[in-house]
Amino acid sequence: MSRHICLRKMAVNQKGIIRSVGSYGEMGRRIRDMGLVPGVEVQVVGRAPLNDPVALRLRDFTLTLRNNEADHIFVEIENG
Amino acid sequence: MDSTKKTITIALSGNPNAGKTTLFNILTGSRQHVGNYPGITVEKKEGFVETSGHMLHFVDLPGTYSLTAYSQEELVARNYMIQEGPDLVVDVVNASSLERNLYLAVQILELGAPLILALNMMDEVRKKGITLNTELLEQRMDCRVVETVARQGKGKQELIDTIIEMSEQTEAFKSPLKISYGPDLDPVIEEMTAIIESSSFLTDTYPARWIALKYLEMDEEILAEGRKKSKDISEKIEQAVHDVADHCLKTLKTYPEAVIADYRYGFISSLLKDVVSRDEQRQRIEMSDHMDKFLTHRLLGPLFMVFVLYMVYTLTFLVGDVPLGLIEDFFGWLGNNVRAVMPDGLLQSLIASGIIDGVGAVLSFVPLLMIIFFCIAFLEDSGYMARVAYMLDRVFRYFGLHGCSIMPFIVSGGIAGGCAVPGIMAARTLRSPREKLATILTAPFMTCGAKLPVFLLLAAIFFPANQALALFLITVLAWASALLVSKLLRSTIIRGPATPFVMELPPYRLPTMRGLLIHTWERTWQYIKKAGTIILAISIIIWAAMTFPQLPEERLAYYESLSMKVESIDQGFEDDLYIGPGAGHEISFEEQVEFSLAEEQLAYSYAGRIGTFLEPVTKWAGFDWRINISLVGGFAAKEVIISTLGTAYSLGAVDEDDPSSLAGRIEQDPDWDAKRAISLIIFVLLYAPCFVAVVAIARESGSWKWACFAMVFNTVFAFAFSTVVYQTLKVFI
């Protein structure tokens, strides 16, 4: 069983596969340039002291982004 | 350099944190040259390597993730590869995250640039239990691949050999890589390519298919260039893009540029099939993740960060104080010697007070700068700086700044006693132009070391019981002003959306000493070279303003006659002169004559006239002409405020570390009271940055416009603030 949720709502240590990236323009470009594209597995590895930004692990590296940037990314959670 | 040798130009490109600069340092050693690209502050590094028969000219391009060009760095990297046409491009990739790193490599191949792939950090790859089939990758990418470990200097020779080998077979020119972008985009790309080719639209510079892709990606640079070249053709292509974008949005709910990125990554995963194999057993949680559990922990993380920042600060100003003092002593000694050797007069004054003091002021910053640059280089190269930005971003974003703005603020005097010059230069760590500008413009509000003596003096006189509290409140006021003004700027003249915070947290690494030293030296040298020349010119101008015009003959003759009578002191003359309270030391009549002459000379000079001229305005903030002159002098350097006040009160040289004679004079002066002191403190804290800082602002923002803005805006802001406070206090006290 699986379900799609917004990246912002993921808990720390939760894993999932990106299904859609809805942002465009400068932000969308940055997100994609860094490898956040559909089909990639991501894991939330931490949140900053004030809960924002969030740190993600993509296959081989760690990435940060703000919650309002994570809003446009939808993730399929395994065993949700 | 041997000019008969064939020169090969090699551009080094690659992602940030891929070890590109380390490789560049290893390749070129000490023979490198740092400058800025014309008109912008993006660093340009070049270096030469001589081999038998060849001269290799390496250009280190700014680190980029992609060639889609939004930031200045990306634009520089792309334009260099296209317009300067290097003989070869070496793309340095972090082999332990190949997938993302190849995104740039694929785009370079699409440009048709001759590429060598340097798989760097192969040691880390092996440690992680990953094996790479380099031959297979070489075959699939159709370009040469070299394995390197830049930190240990491994692979350097192979890379140089490959470069020479490839440069000798340039006739085998490869056509740009063609990737399929799927059934929706491929036909449109073909159609657009045909139009572009048939009309030779921009094709002398770019490959046709690449132009089509850039149109689909809505690349502003290329769109603007296209419109300039031919409005008709550009419109035709834009129409095609518009149609297909519409189609994508309706059928796929996506944008062409997203489709392009997806297919590029798809292409990369097919390239990497069987190239990368992992030993799943060894897929362990990495060291960096363990460290982050502590270093970015909700509570411990910020505490540790405060500790680190405090240590950087302490180290800089504690260790830097010694060489700073030595250099100041040296220039003091040099100035005194010049005064002793040269006959009295304008030339002596120009060389001793104008040039030596001015250059001395600039050079005495150098040890501080070197230490702060070293610390910053360490924090950056180790990967910790990215964590600091990550932890603080939420707070700073509210004020239109970026997590990385903390360092410039702290160094500028966020903990009282810093210096805005290295602070402004520390803002280089900010990649986003709007946040960087806001940081640079507000960092000078902090309580730098040169403003401190003024605050300490006034606090000691007017708030003797609460000196520490006063200083604390001043520091709080500095922070509040910096943050609020930055919020104001970011919602008015530097308006614009926050730059995305999509940022890599690189794994922690121990920086190499060589890299740290090179970083430190190149930044320091840039400061000495560029700032030095302008500052020398300005210090001569300020000297002139405080020296000219000279007193008229009869006044000089009057003082001359006074000096003549020194031997037979006549009480009658003392009435003409103000004898200061002396504060513990007697001054001779002779000295008093000299000080009075200095006071009158200063009052008569342009700076003095400006001071008097401004009095009707500045009286609203409670300042008289004497304070005005010292504030005008403070434009040069805030240290000058106390010494100029001393001259204006005809006290002779006042030691800024022990201004007790001045304190006594101010204490007894009925014009001085707490409201004037508070008003002056606010003004000194907030008004125009000193000229060394102004030059730094001009350099780092890339424009004198912002430097002038900082001078005018800060002064007006400070004056308005002081006036309001002074007038309010007047009502209540």
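**View 1. A salt bridge joins E74(B) and R30(A), with N and O 3.7 Å apart.** A salt bridge here is a side-chain nitrogen of Lys or Arg within 4 Å of a carboxyl oxygen of Asp or Glu. This pair crosses between chains, running from helix α2 (residues 72-84) of chain B, which holds E74(B), to helix α1 (residues 25-33) of chain A, which holds R30(A). Helices (H or I, at least four residues) and strands (E, at least two) are DSSP runs, numbered from the N terminus. E74(B) is buried at a relative accessible area of 4%, and R30(A) is buried too, at 17%. Buried means under 20% relative accessible area, exposed over 50%, and partly exposed in between (1.4 Å probe, protein chains only).

Before you go on, a word on the model: it is predicted, local features need pLDDT of at least 70, side-chain atom pairs count only at pLDDT 80 or more, and totals for chains, interfaces and linings use all residues. Residues are numbered from 1 along each chain as its sequence is written, chains are lettered from A and ligands numbered from 1 in the order in which they are written, and side-chain values use heavy atoms, with hydrogens and water left out.

**View 2. R78(B) and D219(B) form a salt bridge with their closest N and O atoms 2.6 Å apart.** R78(B) sits in helix α2 of chain B and D219(B) in the loop between α8 (208-216) and α9 (220-229), so the pair ties together parts of chain B that are 141 residues apart in sequence. R78(B) is buried, with a relative accessible area of 1%; D219(B) is buried as well, at 1%.

**View 3. D292(B) meets R387(B) in a salt bridge, at 3.0 Å between the closest N and O atoms.** Here helix α12 (residues 287-295) carries D292(B) and helix α17 (residues 384-398) carries R387(B), so the contact links parts of chain B that are 95 residues apart in sequence. Both D292(B) and R387(B) are buried.

**View 4. A network of salt bridges links residues of chains A and B.** Its members are D52(A), R66(A), D393(B), R394(B) and R397(B).

**View 5. Chain A follows the pattern β-β-α-β-β-β-α-β along its sequence.** That makes two helices and six strands. Buried residues account for 59% of the 80 residues in chain A.
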